[in-house]
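Let's take a walk through part of this model together. Please have the structure open as you read.

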Amino acid sequence: MQRPRVVVIGAGLSGLAASYDLVRAGCQVTLLEAASDFGGLASSFQVEGAAVERFYHFICRSDAHLMRLVGQLGLGSRLHWGSMRTAFFVNNKHYPFGTPVDLLRFSAVPWVQRLRFGLHIMRSRYRSQWRRLDQMPGKPWLIECIGEEAYEVIWHPLLKVKFGDYHDKVSAAWIWHRIWRVATSRRSLFERESFGCLDHGTATLVDPLVAWLKAQPNAELLTDARVEPLIVRDGAVTEVRAGGRIIPCEAVISTVALPALDRLIPGREEGYFRSIRRIEYIGVVCMLLSLRHRFSQNFWTNINDPRISFNGIIEQTALNRNLRDRGLHLLYVPFYLPTTEPRYSAKDQDLFDEYTGMLRLINPAFRRDWVKEWHVFRSPYAQPIFTTNFADLMPSHRTPIRGFYVTDSTQFYPEDRTISAAIEQGRKAAAMILLDRDPA
Ligand SMILES: Cc1cc2nc3c(=O)[nH]c(=O)nc-3n(C[C@H](O)[C@H](O)[C@H](O)COP(=O)(O)OP(=O)(O)OC[C@H]3O[C@@H](n4cnc5c(N)ncnc54)[C@H](O)[C@@H]3O)c2cc1C
């Protein structure tokens with residue numbers, strides 16, 4: 001059976017995983033990436049000679065698809081786990097927030113609601129049905145289960161950090177899965193959550209995948225190759241244009257975010273494409289500070305303080321021992337918001353001045369001269385807004401266009417967007433191409 005020629009659009013982990021399987025199955029694969037490096041949202045750059053992720057990443061024990069690929073590439077020994085401290089900064093006070101004892105001591109919330117919060121985590125941990133939750137908005141569901149103050153103090157900042165002003169639009173199903181993912185990353189009820197990371201972050205996975213693909217005679221990888229709007233003839237895409245090249249193909253996988261897909265394949269009126277247009281995304285502006293000293297004892301600090309504009313900070317080197325041993329102290333300050341808001345395109349220096357002032361409120365010992373270098377990264381489609389009844393909007397991998405397949409982080413729902421889920425979707429789309437060409 002002649003294997004199809006496949007073009008994969010986007011070299012994030014979804015595109016890389018899809019290409020890996022297709023190349024192994026004998027397909028001729030061309031992987032086209034608009035940026036000048038590989039990895040997409042999981043890409044890295046150099047800080048003091050070490051590969052550092054543009055956006056922070058942690059791994060949970062339920063991230064099976066990531067672990068499977070890590071195992072296949074012989075990288076198992078480079079995946080490390082650690083029991084992580086998480087905390088809340090509220091009412092100008094730090095509260096540890098990782099164990100049942102921490103929860104009992106969390107005096108920012110009335111004690112009955114602390115108990116209700118704990119019970120809700122337990123119930124969510126053992127729940128598996130989510131369809132009914134898909135129809136319910138998350139905020140009233142949480143308030144009913146844990147109480148108003150517990151919602152305002154604990155969940156409000158957690159949802160704000162991820163969804164910005166859309167925090168009260170998110171469905172209960174998404175929130176449930178988020179609780180489940182983190183709760184199942186705990187070995188026992190009395191321990192802290194244990195999170196994983198690769199020793200050089202996602203570069204540990206992206207670089208070997210790229211190197212393997214580049215070494216295969218039936219794979220071609222191009223960066224700085226933005227794919228132009230696709231032309232559909234007789235219901236199929238038969239060629240892809242990028243970087244002045246025309247690449248003939250029998251199948252195409254798009255791994256770009258849905259709003260970018262709408263530009264890639266404009267003017268389609270099928271229900272599939274109309275649904276896609278109803279899905280909203282927000283962007284992220286994420287500052288990375290490389291510090292002389294550790295900022296705190298925590299991996300993740302949620303912030304609920306009217307003086308501070310951001311709702312969480314992530315000290316990645318609390319998790320990544322390898323980078324810490326190289327003398328790095330890396331602090332990420334994410335801020336999710338629609339790209340139309342002025343803050344999305346605020347001057348980097350203004351954000352730096354604002355954030356460094358606010359970081360002093362959290363740790364009064366912090367000084368601006370702790371900062372060795374800093375960077376601001378932006379992504380316009382960082383997070384889909386998972387509204388109620390989202391399951392009805394979720395696009396399938398197969399599209400109305402013959403030979404054209406789509407992967408996107410909305411297809412993970414109710415799972416959060418993760419690198420593991422991106423790998424899973426890429427591999428699923430690759431398997432569909434092989435199945436559709438060779439049903440036997
Ligand atoms: C701030 C932040 C924090 C995160 N934290 C975590 C975490 O802790 N744990 C976790 O597991 N996951 C995390 N994620 C999610 C994870 O990074 C993503 O789910 C995953 O990397 C998505 O991979 P992808 O291949 O689906 O998409 P992408 O990485 O977005 O890849 C799509 C690629 O397509 C390219 N492209 C777009 N248009 C074109 C075009 N016209 N032509 C050619 N190429 C094009 C883009 O440049 C990009 O490289 C985080 C994401 C963000 C933004």
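Predicted model: local features only at pLDDT ≥ 70, side-chain atom pairs only at ≥ 80, totals over all residues.

Residues are numbered from 1 along each chain as its sequence is written.

Start at α4, residues 111–125 (helices are DSSP runs of H or I with at least four residues, numbered from the N terminus). The buried residues of α4 are Arg 114, Phe 117, His 120 and Ser 124; buried means 20 or more other C-beta atoms within 10 Å of the residue's own, exposed 12 or fewer, with C-beta atoms placed from the backbone. These buried residues fall within an arc of 120° seen down the axis of α4, so they line one face of the helix (the arc is that of the directions from the helix axis to the C-beta atoms). On the other side, Trp 111, Val 112, Leu 119 and Arg 123 are exposed.

Now turn to α6, where Gly 138, Leu 142 and Ile 146 are buried. They cover an arc of only 35° around the axis, which puts them on the same side of α6. Just after α6, Gly 147 has a positive phi of about 105°.

Finally, look at α6 with α8: their axes come within 8 Å and cross at roughly 60° (axes are lines fitted to C-alpha atoms over the stretch in contact, with angles from 0 to 180 degrees between N-to-C directions). Gly 138, Trp 141 and Leu 142 of α6 and Ala 172, Trp 174 and Ile 175 of α8 make the contact, with C-beta atoms, placed from the backbone, within 7 Å counting as contact.

Terms used. Helix = DSSP H or I, 4+ residues; strand = E, 2+ residues; numbered from the N terminus. Expected span 1.5 Å × (residues − 1). Contact = placed C-beta atoms within 7 Å.
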